[in-house]
Amino acid sequence: SNNICVAPRIYRPPYGQSDAEMLETTQAMGYVSVLWNLDTFDWNNAVNNPSKVEDLVRDGLQELAPNSIIHLQHDVVAESVALVPTLIAMIREAGYNFVTLTDCLLGSSKYDEPWYWWQHRFCADGACRKDADCDSKVCEGMVCADAACDDGVKNGAEVDVDCGDAAGCGVCADGAACDAFADCVGGACIQHACTNCTVCDFDTQFEVAPCGLEADAVCQDLTPPCDTSVDFEDVAKTITSDRVCQRLTVCSASQYESVAPTATSDRVCTTRGQCGPLEYETVSPTATSDRECAALTVCEAGEWEDVPPTATSDRSCQP
């Protein structure tokens, strides 16, 4: 159907086998499921007993008249094809006329007219009759062309005719449609339209008031980057707000730095621990680490204190 731009409406189940689910599915897809009411088993009889085919057609005409007849016959069997002139004559003699299946089922020969199928065609990108048949909106020689930046129509990822940053087609002129500032030659996309207004330099400025269709943006200089030796960036800049720098916390003499500062976070200070009366200091504190303490040795019965403890050393006992 993609190649001829025609969507079939009539469907014959393979081998005539179907069930309720198949019929429901094909109907939902827009198909009319059709079987036959006259089968001469020509695929076998035409080869082995041709007169049997004629007899079955003759019997069918008598049994089914005056109702319509859909006769199953296989064009892949040469012997069956050879019987067609004889069968046509028999059927006409019985008062029947030959019509298309669409005319028989749907009640109008319009379905056989080329204009109907072109008007109600189904074309994928690849076969076309006119530009509207193609996703690219460009039909050349009945073949859908790929979207291009110079084909004179808005297609593909373009935001307007032959322009748009996402499509790789360059910037759009003032007044053209846009999705982002990068789409526009003037650098401003306001209400999805390119406009020629002065915009902020977001590397050094933030926007106090945006561009309007007839007004430039109002910009203000950004605070200089924070001095990380004494400050950290507490709030990052955005296109509409300034950065905020805060002074770094300074640890006191009784504290140590437990978490170092970064460009965007403060240092964390923690109060140093103190050794208890029954402890001594095994590791001295530094600017970034706490002191460590250990329990003092207790002399056992029968021992005497050879070396008394200090704030930074244990006692020594002798027997």
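**Notes on a predicted model**

1. Helix 3 passes helix 5 in a right-handed crossing. Keep in mind as you look that this is a predicted model. Helix 3 covers residues 50-64 and helix 5 covers residues 84-93; they pack at an angle of about 20°, and their axes are 10 Å apart. Angles under 35 degrees count as roughly parallel, and the two helices are therefore roughly parallel to each other.

2. Which residues make the contact between helix 3 and helix 5? From helix 3 come Val 53, Glu 54, Val 57, Arg 58 and Leu 61, while helix 5 brings Thr 86, Leu 87, Met 90 and Ile 91.

3. Now turn to helix 1, residues 20-28. At its start, Asp 19 has a side-chain oxygen within 3.2 Å of the backbone nitrogen of Glu 21. Just after helix 1 you will find Gly 30, with a positive phi of about 95°.

4. How many aromatic pairs does a search of the whole structure find? The search finds one. In this pair, the ring centres of Tyr 11 and Tyr 31 are 6.0 Å apart and the ring planes stand at 45°, so the pair is tilted.

5. Two backbone details deserve a look. Most residues other than glycine have a negative phi, and most peptide bonds are trans. Asp 162 is not a glycine, yet its phi is positive, at about 55°; you can find Asp 162 in the loop between strand 6 (143-144) and strand 7 (189-190). The peptide bond between Ala 65 and Pro 66 is cis, with omega about 0°. Pro 66 is placed in the loop between helix 3 and strand 4 (71-72).

6. Finally, zoom in on Arg 291, in the loop between strand 15 (279-283) and strand 16 (292-295). What does the side chain of Arg 291 reach at 2.6 Å? The backbone oxygen of Gly 273. The side chain of Arg 291 is also joined to that of Glu 281 by a polar contact of 2.6 Å. Setting aside neighbours within four places in sequence, the residues in contact with Arg 291 include Arg 272, Gln 274, Cys 275, Val 283, Ser 284 and Pro 285.

Methods: Residues are numbered from 1 along each chain as its sequence is written. This is a predicted model: local features need pLDDT of at least 70, side-chain atom pairs count only at pLDDT 80 or more; totals for chains, interfaces and linings use all residues. Side-chain values use heavy atoms; hydrogens and water are left out. Axes are lines fitted to C-alpha atoms, for helices over the stretch in contact, and angles run from 0 to 180 degrees between N-to-C directions. Helices (H or I, at least four residues) and strands (E, at least two) are DSSP runs, numbered from the N terminus. Angles under 35 degrees count as roughly parallel, over 145 as roughly antiparallel, 65 to 115 as roughly perpendicular and the rest as oblique. A crossing is left-handed if the near helix is turned anticlockwise from the far one by less than a right angle, and right-handed if clockwise. Contact means heavy atoms within 4.5 Å. A polar contact is a pair of N or O atoms within 3.5 Å; within protein, one must be able to donate a hydrogen and the other to accept it, and residues adjacent in sequence count only if both atoms are side-chain atoms. Rings of Phe, Tyr and Trp (its six-membered ring) pair if their centres lie within 6.5 Å; planes under 30 degrees apart count as stacked, over 60 as edge-to-face and the rest as tilted.
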